[in-house]
Amino acid sequence: MTEPILFERHTEVATFHSPLAGMELAEDRIEVRTDPLTGMTAIASAGLEAKEEAFLGKADWAYTDLLVARSREGCFFCPEKVLQATPKYPDEFIPGGRLERGRALVFPNLFPLAAVHAVVTYPDKHFLRPSEFTPSLLEEGLGAALDLVRRAAPANPGMRHVSVCCNHMLPAGASLVHPHLQVFGGEAVPWLVGLYWDRSAHWLSRHGRSYWETLVEQEKSSGERYVWGVAGVHWLVPFAPAGAREAIAVVPQVARLTDLDDEHTAALAHGLTRILTWYEDEGLSAFNFTLYGGPLTGRDAGFPVVLRVIARTAFQQDYRTDDYYLHKQLGGELMFAAPEEMAARLRPLF
Ligand SMILES: [Zn+2]
């Protein structure tokens, strides 16, 4: 066994005369956890669990249905418009201009932010609640995204990074209610992706073994945060989450997105459906996920395929954002509930 990963927790106390305790002197205990790889911090404090609803809220489905109905006509991703209103790739890259896989359709993003920036949508599904992303829909969507990645990689020899990402609903950054994924890849590596790669490479050279292999092995044997695993895909709740109700999937033996096979995709899709259904059961409706991979060029440096999924503020009238200075400017996260409790709640759902 190589050197274990150290999960560091720091405790501090805030003292004040509290109106909640009749103005007596009271103490609040704060726990700060540090992500062993990135150093990112996540904070938990007494009472934060009760405040989760102020941050994430509860989905207003009647209001959501209104927005869904209002946006149906004229939607660019719906069947009447999608073939006229969305861009096409040159025939020499993709014959016909767009890729299809099952119900999923892939086309270029009209406002690209990277050399390879594609949209994957299900034209027949103008809206999906989180629980309506079924395993087969996600397999088709992720599979279609990966088909695009496999074509784009050889056609763009300079492409160093690629991810498959999803913003679902307005609070998660989506501009349309129509569900879609995005393929985001190019030469200029996004900061956080670069950090994951650098720290993972550093870990590998210091320990002689991938951080992620060790993480899976350690989490599996302690069992506290490990949820489920099949076909080399391991789902767990991170020790120091990087977002609300974050779960991650690690595929330690697969370095690049281009190397994922259908079994991996099915295990990723299954896990996602479990998490998304749980979000909805908990009154949530917006989420983000990203499927990351190691560098497309150069040697594999210890960062494998990893998927991270987080819940965002539920969609309702006057919803507030869950991101504030802590997240945007200090680089920290809140833990509304202990990751170990979340893993215990997820396990029976898989
Ligand atoms: Zn639509």
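## Strand β6 and its neighbours

Strands β6 and β8 (residues 180–186) pair in the antiparallel sense over six bridges, where strands are DSSP runs of E of at least two residues and helices are runs of H or I of at least four, both numbered from the N terminus, and where two strands pair if DSSP finds at least two bridges between them. Within this pairing, Ala118 stands opposite Val183 in β8. The model is a predicted one, in which local features need pLDDT of at least 70 and side-chain atom pairs count only at pLDDT 80 or more, while totals for chains, interfaces and linings use all residues. Residues are numbered from 1 along each chain as its sequence is written.

Strand β6 (residues 116–121) is also joined to β5 by four bridges, and these two strands run antiparallel. Val106 stands opposite Val120 in β6, and Leu105 has Thr121 as its bridge partner in β6. Five of the six residues of β6 are buried, so this strand is largely enclosed by the rest of the structure; a residue is buried if 20 or more other C-beta atoms, placed from the backbone, lie within 10 Å of its own, exposed if 12 or fewer do, and partly exposed in between.

Strand β5 (residues 104–108) is mostly covered, with five of its five residues buried. Three bridges join β5 to strand β4 (residues 99–101), and the two run antiparallel; Ala104 in β5 is the bridge partner of Arg101. Together β4 and β5 form a hairpin with two residues between them, and Gly102 in the turn has a positive phi of about 55°.

## Packing of helices α4 and α7

Helix α4 (residues 135–155) and helix α7 (residues 262–281) pack at an angle of about 130°, with their axes 8 Å apart; the axes are lines fitted to C-alpha atoms over the stretch in contact, and angles run from 0 to 180 degrees between N-to-C directions. That angle makes α4 oblique to α7, since angles under 35 degrees count as roughly parallel, over 145 as roughly antiparallel, 65 to 115 as roughly perpendicular and the rest as oblique.

On the α4 side, Pro135, Leu138, Glu139, Leu142, Gly143 and Leu146 meet residues of α7, namely Thr265, Ala266, Leu268, Ala269, His270, Leu272 and Thr273, with contact taken as C-beta atoms, placed from the backbone, lying within 7 Å.

## Surroundings of Phe350

Phe350 is placed in the segment after α9 (339–346), and it is partly exposed, with 15 other C-beta atoms within 10 Å. Not counting residues up to four places away in sequence, Phe350 touches Val227, Trp228, Trp235, Gly271 and Arg274. The C-alpha atoms of Phe350 and Gly229 are separated by 9.4 Å, although the two residues are 121 apart along the chain.

## The protein as a whole

The protein has nine helices and 14 strands. Its radius of gyration is 21 Å, close to the 20 Å that the globule rule gives for 350 residues, so the protein is as compact as a globular protein of that length; the radius is taken over C-alpha atoms, and the rule is 2.2 Å times the number of residues to the power 0.38.

Of the 350 residues, 40% count as buried. Among contacts between residues at least 6 apart in sequence, 70% join residues at least 24 apart.

Technical notes. Contact = placed C-beta atoms within 7 Å.
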